[in-house]
Amino acid sequence: MMPARNRRTWLGVAALAALAGAGTAWWRMRPAPVEDDVVQALWSQGFESPQGGVLRLADLRGQRLVLNFWATWCPPCVEELPMLDAFHRAQQARGWRVVGLAVDQLAPVQRFLQARPLSFPVGLAGSQGVELSRALGNVSGGLPFSVVFDTSGTVVQRKLGKLTPDDLKAWELL
């Protein structure tokens, strides 16, 4: 058995290593700043809708918006979609909108939406969706990634990873 002093020393070293690892992970995964011209360009973009037609983000400007980047092949994305759908239905009357940008291809998204319909609009961003999410601060390009805009079209929140009910509750107050 290790003496108590050595055990405390090793526990201290382990705690410092854990803190350093957490700090490094936070530093690498923190959202990058978003350039104003990127946000302005975003509002002029349109995305093909899986049902046909074009989803124009300019039509949503002036409303509070959760823009969610997702894919059919991303388990955490698929898990959070029902929660986002419920948020959209509950908060729509209060001026909130949710838009899903699928970093995916048309056929899988169509099959997915036939099996699990969503009440909010979905646009097809394809592989360019990864670059768009990076431009909006998603340094790693990971999914899911959500960006919250206020009524002036400014980015006010971002989250990389699966949303929680607490995230949505906090955003309701924005």
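Tutor: The dialogue below goes from the overall layout to selected details. Please keep in mind that this is a predicted model.

Student: How many helices and strands are there in the chain?

Tutor: The chain has 6 helices and 7 strands. Along the sequence they follow the pattern α-α-β-β-β-α-β-α-β-α-β-β-α. Of the 174 residues in the chain, 37% are buried. Contacts can also be sorted by sequence separation: among those between residues at least 6 apart, 63% join residues at least 24 apart.

Student: How should I read a strand, and which strand does E3 run parallel to?

Tutor: In a regular strand the side chains alternate between the two faces of the sheet. In this model, strand E3 (64-70) and strand E4 (96-102) run parallel and are joined by 7 bridges. Valine 66 stands opposite valine 98 in E4. Strand E4 is mostly covered, with 6 of its 7 residues buried.

Student: Let us turn to a helix. Which residues of helix H5 are buried?

Tutor: Helix H5 spans residues 128-135, and its buried residues are Gly129, Leu132 and Ser133. They cover an arc of only 100 degrees around the axis, which puts them on the same side of H5.

Student: What covers the buried residues of H5?

Tutor: The cover includes helix H2 (36-42) and strand E1 (46-48), together with strands E3, E4 and E6 (145-149). After H5 comes glycine 137, whose phi is positive, near 110 degrees.

Student: How do I read a salt bridge, and how many does the structure hold?

Tutor: Side chains of opposite charge can pair when their charged atoms come close. The structure holds 4 salt bridges. One of them joins lysine 162 to glutamate 79, with the closest N and O atoms 2.8 Å apart. Lysine 162 lies in the loop between strand E7 (155-160) and helix H6 (165-172), while glutamate 79 belongs to helix H3 (residues 75-91), so this pair ties together parts that are 83 residues apart in sequence.

Student: Are lysine 162 and glutamate 79 buried, exposed or partly exposed?

Tutor: Lysine 162 counts as partly exposed, at 38% relative accessibility. Glutamate 79 also counts as partly exposed, at 49%.

Student: Where in the chain do arginine 134 and glutamate 131 lie?

Tutor: Arginine 134 and glutamate 131 are 3 residues apart in helix H5, and are therefore separated by about one helical turn. Their side chains meet in a salt bridge, at 3.0 Å from N to O. Arginine 134 is partly exposed at 36% relative accessibility, and glutamate 131 is partly exposed at 47%.

Student: Which residue does lysine 159 meet in a salt bridge?

Tutor: The partner of lysine 159 is aspartate 167, with an N to O distance of 2.6 Å. Aspartate 167 counts as buried, at 17% relative accessibility; the cut-off for that class is under 20%.

Student: Which cysteines does a disulfide join here?

Tutor: The structure holds 1 disulfide, which joins cysteine 74 to cysteine 77 at an S to S distance of 2.3 Å. The torsion about the S-S bond is about 75 degrees, so the disulfide is right-handed. Both cysteine 74 and cysteine 77 are buried.

Student: Finally, how are aromatic pairs described, and how many are found in the whole structure?

Tutor: A pair of aromatic rings is described by the distance of the centres and the angle of the planes. A search of the whole structure finds 4 aromatic pairs. In one of these, the ring centres of tryptophan 43 and phenylalanine 149 are 5.2 Å apart and the planes stand at 70 degrees, so the pair is edge-to-face. This pair links distant parts of the chain, 106 residues apart: tryptophan 43 is in the loop between H2 and E1, and phenylalanine 149 is in strand E6. Tryptophan 43 is buried at 3% relative accessibility, and phenylalanine 149 is buried at 0%.

Student: How many degrees lie between the planes of phenylalanine 69 and phenylalanine 145?

Tutor: The angle is 35 degrees, with 6.1 Å centre to centre, and the pair is tilted. Phenylalanine 69 lies in strand E3 and phenylalanine 145 in strand E6, so the pair ties together parts 76 residues apart in sequence. Phenylalanine 69 counts as buried at 0% relative accessibility, as does phenylalanine 145 at 1%.

Notes. Residues numbered from 1 in each chain as written. Predicted model: local features only at pLDDT ≥ 70, side-chain atom pairs only at ≥ 80, totals over all residues. Heavy atoms only, no water. Buried < 20%, exposed > 50% of the residue type's maximum accessible area, 1.4 Å probe, protein only. Helix = DSSP H or I, 4+ residues; strand = E, 2+ residues; numbered from the N terminus. Arc of directions from axis to C-beta. Contact = heavy atoms within 4.5 Å. Disulfide = S-S within 2.5 Å. Phe/Tyr/Trp six-rings, centres within 6.5 Å; stacked < 30°, edge-to-face > 60°. Pairing = 2+ DSSP bridges.
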